[in-house]
Amino acid sequence: KKRGEEPLAPSFTPERFKEIVSGKSTKIKPLLLNQEYVVGIGNIYVDEALHRARIHPETGAKALTSSQLDLLHHAIVATLTEAVNAGGSSVKSYVNGQGESGSYQHQLLIYGRKDQPCASCGTLIEKTVVGGRGTHYCPSCQPQAGISK
Ligand SMILES: [Zn+2]
């Protein structure tokens with residue numbers, strides 16, 4: 001079975017990320033969790049990266065602009081780098097981080113913070129299910145695409 005890009009490898013450039021995402025008719029969150037595209041981001045870090053990039057987790061991959069994908073690429077790399085640093089160990093600490101966030105937990109901005117105020121805007125964080133996974137997002141910072149505020 002085809003294995004996806006390793007997100008902390010030098011080959012995972014913004015250009016490569018855009019190639020992966022382009023033309024996919026799925027929501028962005030399940031795409032990021034699909035190991036055939038990108039390996040080992042994990043549910044917690046997908047939520048964190050989407051929040052940083054201010055992208056709603058149910059946004060269609062096709063609807064994302066080039067600048068949004070640049071932001072998201074940067075957010076993924078930054079989030080995972082911080083998680084690895086916080087764990088003080090190898091890349092495995094986030095690969096195995098599907099349910100455990102270890103010492104990075106106190107740095108999480110969105111995951112597990114349902115009904116707590118968003119650090120950026122104070123709006124209460126919401127929780128929903130996307131692609132079968134518990135999903136946290138700020139409805140103000142991450143408005144659903146196509147819905148004007
Ligand atoms: Zn917010």
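Modeller: Residues are numbered from 1 along each chain as its sequence is written, and side-chain values use heavy atoms, with hydrogens and water left out. Because this is a predicted model, local features need pLDDT of at least 70 and side-chain atom pairs count only at pLDDT 80 or more, while totals for chains, interfaces and linings use all residues.

Biologist: Which residues are the protein donors of the zinc ion?

Modeller: Donors are N, O and S atoms within 2.8 Å of the metal (3.2 Å for Na, K and Ca), and since water is not among the atoms, sites may look incomplete. Along the chain the donors of the zinc ion follow the spacing C-x2-C-x16-C-x2-C. Lying 2.3 Å from the ion, the donors are the SG atoms of C118, C121, C138 and C141.

Biologist: What is the geometry of the site of the zinc ion?

Modeller: Four donors count as tetrahedral if all angles lie between 85 and 135 degrees. Among the four donor atoms here the angles are 100 to 113°, and the site is therefore tetrahedral.

Biologist: In which sense do strands β1 and β2 pair?

Modeller: Strands are DSSP runs (E, at least two residues), helices are such runs too (H or I, at least four residues), and both are numbered from the N terminus; two strands pair if DSSP finds at least two bridges between them. V129 stands opposite G134 in β2. Strand β1 (residues 126–130) and strand β2 (residues 133–137) are joined over five bridges, and the sense is antiparallel.

Biologist: How many of the ten residues of helix α3 are buried?

Modeller: Buried means under 20% relative accessible area, exposed over 50%, and partly exposed in between (1.4 Å probe, protein chains only). Among the buried residues of α3 are I44, V46 and L50. Helix α3 (residues 43–52) is largely enclosed by the rest of the structure, because the number of its buried residues is nine.

How values were computed:
Four donors count as tetrahedral if all angles lie between 85 and 135 degrees; four count as square planar and six as octahedral if opposite donors are over 155 degrees apart and all others between 65 and 115; anything else is irregular.
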